[in-house]
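I would ask you to keep the structure in view while I go through its parts in turn.

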Amino acid sequence: MDRPDVQVEGIARRFGATAVFEDVWFSVGRGEFVCLVGHSGCGKTTILNILAGLDAPDDGAVIVGGREITGPSLDRAVIFQSHALMPWMTAAQNVAFALSCRNPHWNRRMCEDAAREALARVGLAHAADRKPAQLSGGMKQRVGIARALAIQPRILLMDEPFSALDALTRGALQEEVSRLVTEAGQTGFMITHDVDEAILLADRILLMSNGPGARIAEVVVNTLPRPRTRAGLHHMPGYHALRDHVLDFLITRSRDFEATNPPAGWSARAVPELRPAA
Ligand SMILES: Nc1ncnc2c1ncn2[C@@H]1O[C@H](COP(=O)(O)OP(=O)(O)OP(=O)(O)O)[C@@H](O)[C@H]1O
């Protein structure tokens, strides 16, 4: 088997005397899409920031492509919850700027052309010359997605990228991102509070117990076949079992989980993988 693309090895993060999470181990395979689910405050964003190289663990390490990460890299693009666009640049200029950083030998024209192509892929060809203030929230988020995808990162890290969008836009963008990431063979890691979003997108769902001292308590393997669509999801055999399993975790097991007195068979380094939909 290939080495995983991302190996998280026993990371902990402490603020003062409080450990937000401890002894967190997981891996993400090449081309795999993993969602991280857990209650507010358990440390999901902190984990994503560590994977991005924007924060460092107090213990443990993150290995990407066989090397311990020590900082940010264009190989690991982040799509944030807010759009993080430069307001004085047009949509095309925002994407072109990222492309020029990624490809220093490209001339302006090449960056501009590739930026327009990336915007067209997320349905924004017509808005390429508008500035962020002239775009809706959904359109701004699309620009952020186009920018992240355009630089063809090996790994795409997403922190609730669709949470600020209306249901219709969210559904459309989820399917788009899923398609684009699959086509590009990218590795995906996404934080979400939306159980259906996790079921739609993820190959595996990591369930985090409540903090402080949070852990990965369970790993749920999503055996529902692809392609999946938001509209078709709840008709798929196994969907309800999968959804109930994740919801039950969020309602009770996330709170009851104790790393010092864990459920039978649990160990931090080899968290049990469950297949509730199988
Ligand atoms: N720089 C910091 N200094 C002190 N405490 C911090 C810092 N960053 C995060 N925390 C604390 O760490 C905990 C985890 O924060 P984090 O944002 O990772 O949680 P989360 O699971 O992503 O939450 P949410 O779902 O609400 O976004 C929180 O209690 C937060 O207050």
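Let me begin with a term. Two packed helices are described by the angle between their axes and by the distance between those axes. An axis here is a line fitted to C-alpha atoms, over the stretch in contact, and the angle is taken between N-to-C directions. Please bear in mind that the model before you is predicted.

With that term in hand, consider helix H2, residues 91–102, and helix H4, residues 137–150. They pack at an angle of about 25°, and their axes are 9 Å apart. Angles under 35 degrees count as roughly parallel, so H2 is roughly parallel to H4. Their crossing is right-handed. Which residues of H2 and H4 meet? From H2 come Ala91, Asn94, Val95, Ala98 and Leu99, and from H4 come Val143, Ala146, Arg147 and Ala150. In this contact, seven residues are nonpolar, one is polar and one is charged.

H4 also packs with helix H3, residues 108–121. Here the angle is about 125°, and the axes are 9 Å apart. H3 and H4 are therefore oblique to each other. This crossing, too, is right-handed. On the H3 side we find Ala114, Ala115, Ala118, Leu119 and Arg121, which meet Ala146, Leu149 and Ala150 of H4. The contact of H3 with H4 has seven nonpolar residues and one charged residue, with no polar ones.

I turn now to the sheet. Seven strands form an open sheet with mixed pairing, in the order S6-S7-S8-S3-S9-S10-S11. Its edges are strand S6 (76–79) and strand S11 (273–274), each of which pairs on one side only. Within the sheet, strand S7 (residues 155–159) and strand S8 (residues 187–191) run parallel and are joined by five bridges. In this pair, Ile155 stands opposite Thr187 of S8. Helix H7, residues 239–256, packs on the sheet and touches strands S3 (33–37), S9 (204–208) and S10 (216–221). The direction of H7 makes about 170° with that of S10.

Finally, the ligand. What surrounds the ligand? The residues are Phe15, Val20, Gly38, Ser40, Gly41, Cys42, Gly43, Lys44, Thr45 and Thr46. Helix H1, residues 44–52, supplies the largest share of this shell, namely three residues. Sorted by class, the shell has six polar residues, three nonpolar and one charged.

That concludes my presentation. Thank you for your attention.

Terms used:
Residues numbered from 1 in each chain as written. Predicted model: local features only at pLDDT ≥ 70, side-chain atom pairs only at ≥ 80, totals over all residues. Near = placed C-beta within 6 Å. Helix = DSSP H or I, 4+ residues; strand = E, 2+ residues; numbered from the N terminus. Nonpolar A, V, L, I, M, F, W, Y, C, P; charged D, E, K, R; others polar. Pairing = 2+ DSSP bridges. Contact = placed C-beta atoms within 7 Å. Axes fitted to C-alpha atoms, helices over the stretch in contact; angles between N-to-C directions. Parallel < 35°, antiparallel > 145°, perpendicular 65-115°, else oblique. Left-handed = near helix turned anticlockwise from the far one by under 90°.
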